[in-house]
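I opened this notebook to record what I looked up, one topic at a time. The entries follow the order in which I went through the chains.

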Amino acid sequence: MNASKISARNVNVFYGQKQAISDVSLDFDSDVVTALIGPSGCGKSTFLRTLNRMNDTIANARVEGRIALDGEDIYAAEMDVVQLRARVGMVFQKPNPFPKSIFENVAYGPRIHGLASGSAQLADIVERSLKRAGLWDEVKDRLSDSGTALSGGQQQRLCIARAIAVDPEVILMDEPCSALDPIATARIEELIHELKGRYAIVIVTHNMQQAARVSQRTAFFHLGSLVEYGTTSDIFTNPRQERTKDYITGRYG
Amino acid sequence: MSILVLSFLVVGLGLIAWLTARMRAAGFRRATGARFSSLPSHHGAFVALWTVLPAALFLAVWATASPALVTDRVLTDPAAAQLPPPGFERAALLSEAREIAAGKSFGEPTPLAAKLAPAYADAQSHYDWIGSGVALLLAFACGAWAFTRVRPDFRARSKIERVIMALLLAASLIAILTTLGIVVSLLFESIRFFQMVPIGQFLFGTHWSPQVIDARDPGASLGALPLFWGTFFIGAVIAMIVAIPFGLMSAIYLTQYAHPRARAWMKPIIEVLAGVPTVVYGYFAALTVAPLVRDFAVSIGVSWASSESALAAGLVMGIMIIPFVSSMADDSIAAVPTAMRDGSLAMGATQSETIRRVLLPAALPGVVGGVLLAVSRAIGETMIVVMAASGVATLTLNPFASATTVTKQIVDLLTGEAEFDSPKTLAAFALGLTLFVVTLLLNIVALTVVKRYREAYE
């Protein structure tokens, strides 16, 4: 097995004086869906946001430790955040399409990164991304409608299409289904299955059934620390730590 | 009896009413020992209000009606037969007679006015006595009637509640009614004007020279198009060329780039700009900016540049409007959800790309609404243009030429000596009405745009 796509070593995150993550080391492989689970406020979303440096947008956040993408330290001074975020895409908790047309939402990334050399190629990228996100058949006749006019589930798939339009290597998903109904959730989970082979996917979820359904690896966070990390089937059927067992059996959280 | 003494008497009656009603109610309480819905002080206040309010209302009406009654009575005096026919002279004589009767005359009185003065004093005191008598009678009668209603089971408390509500309602109606009154008076004077000058000639005529009016065809020199153009050119074009970029950029800096500590002192300073009296901007425009603009124009070869150029007034007006545009843009950019900004940043867009491609388009309706409100303020702004703009109306696209505005012309038309029914003076009302209608429409459009946009994100 080759080296991990992303490897995090001894990561600490502080918000001002308050420590949100303490000493987390984790590896994420390509072609694998990794779920981060844990009770609210355990730091799983904070950790996810360190992987594409979205914590930079929070004024007093500070990250320590080493996080490497393909062996390159992403917090090094010479790392270009723009390039990093093009390689590590993100899908947010609440669908956040831009107030633009469906086409323009997906074309946004390719445009700013100059990925298409003409309008025909751009249209190709948009079509391929929407197909991959399983949204093409629903919107192909109304690409010029506003992205915000879609239903919640469609908006979230549009955001996934937007993320994959720039051909990332990793996709981070921060509770992507928590604002959706069960049917829309099932569609997104299906989609994650289909995307698994192409990208390293890291998904934060509150929902343990969802983690069990979509992921191959699971990391359990509690109070800012990584408690246990292993294959999903091990974590759910044979947890080694008492705290993990209590959480997945619904004792707390 | 003077109005002051009368007011004291009425209030004194009210005080007596309050005390007696209170005592009476307290008496019930002691007698039965039961609990009532109203305290003695409520009963007292109820009776006192009934004593004072009707009399006060009557006096307010009487104060507006009695002068006409007094004049009518004076006109029945034999000496009044010598008065000239209704008009300016007759009004002047009557008002002089009134002054003499009130003991406020100065200089040698006109004989006829002096003759009428005793009649005036007589009529005045006649109606004063009637008014005072009715007011006191009303206070007493209403107070007494209210006093008879003071019983143990009478709910004075809830009656007072209703009176308080009525007072609050009246206070808020006063602002609305005043506005209506202003509009109506504007409308009437404008209608008088449009009876002398056709509306089309006024709105679309291109020649404005109110100093020289041909009595047979006043409309020929009262074409207001150059004023409308000047107002638009100074307030909506030049001022906005200054205010929109600077206001918008400062809002972007303050919301997106500024460190919270920098924002904490920069935002108040920009807002202080909005509190500078406009007359100070006027000085600045007339004494500093206007000469600079003229010198600059001369140095680039425009030898005839005016020292009261449209550019000088517009530039300063734009500076005045910057904080307004900035704070409106600030609000609408801040109203765009952070999720939108994060989504763009997570795609690898830089901060300025995010602002240009996501934040500004999303905030655009709010920004447009803010700009429209700013325009409506700029075109109604008076002091800067009175001090810095020219009085000469020219229909020009040249920013170095002199230009004038509607507000400046209104001031010019109404200051100085003029009769109140000449086309020249009435034109000021027509200009005011036009300005009012335009700013009203701008405000309505702007507020609708802003409101619709707010709903989209909430």
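The entries below cover a sheet, a hairpin, an annotated span, a helix and a chain contact.

**Entry 1: the model.** I note at the outset that this is a predicted model, and I read every value that follows with that in mind.

**Entry 2: the open sheet of chain A.** I looked up the strand order and found that four strands of chain A form an open sheet, E2-E1-E4-E5, with antiparallel pairing. The edges are E2 and E5 (72–73) of chain A, each of which pairs on one side only.

I then went through the pairs of this sheet. Strand E1 (residues 6–15) of chain A is joined to strand E2 (residues 18–28) of chain A by seven bridges, the two running antiparallel, and I recorded A:Ile6 as standing opposite A:Phe28 in E2(A). The hairpin of E1(A) and E2(A) has two residues between the strands, and A:Gly16 takes a positive phi near 60° in this hairpin.

E1(A) also pairs with strand E4 (residues 61–69) of chain A, in the antiparallel sense and over eight bridges; here A:Arg9 stands opposite A:Arg66 in E4(A). E4(A) in turn pairs with E5(A) over two bridges, again in the antiparallel sense, and A:Ala68 stands opposite A:Asp73 in E5(A).

**Entry 3: a further hairpin of chain A.** I next looked at strand E9 (residues 217–222) of chain A, which six bridges join to strand E10 (residues 225–231) of chain A in an antiparallel run. A:Thr218 stands opposite A:Gly230 in E10(A). Two residues lie between the strands of this hairpin of E9(A) and E10(A), in which A:Leu223 takes a positive phi near 50°.

**Entry 4: the annotated span.** I checked the record for chain A: UniProt, in an unreviewed entry, places the feature "domain: ABC transporter" at residues 6–248. For residues 6–248 of chain A I noted that the end C-alpha atoms lie 26 Å apart and that the span is 37% helix and 26% strand.

**Entry 5: a helix of chain B.** Helix H7 (residues 225–257) of chain B has 33 residues and reaches 45 Å from its first C-alpha to its last, which is close to the 48 Å expected at 1.5 Å a residue. Where is the kink in H7(B) centred? I found it centred on B:Met240, with a value of about 50°.

**Entry 6: where the chains meet.** I looked up the contact, which takes 18 residues from chain B and 23 residues from chain A. The area buried between chain B and chain A is about 1600 Å², and carbon and sulfur atoms give 66% of that area. B:Ala346, B:Met347 and B:Arg357 supply 40% of the area that chain B buries against chain A, more than any other three residues.

I also asked how many salt bridges the rule finds across the interface of chain B and chain A. The rule finds one; B:Asp342 forms a salt bridge with A:Arg49, with the closest N and O atoms 3.8 Å apart.

Key:
Residues numbered from 1 in each chain as written. Chains lettered and ligands numbered in written order. Predicted model: local features only at pLDDT ≥ 70, side-chain atom pairs only at ≥ 80, totals over all residues. Heavy atoms only, no water. Expected span 1.5 Å × (residues − 1). Bend = angle between axes of the 7 residues up to and from the residue. Pairing = 2+ DSSP bridges. UniProt positions renumbered as here; feature names shortened; annotations may be inferred. Contact = heavy atoms within 4.5 Å. Buried area = accessible area lost by both parts, 1.4 Å probe. Salt bridge = Lys/Arg side-chain N within 4 Å of Asp/Glu carboxyl O.
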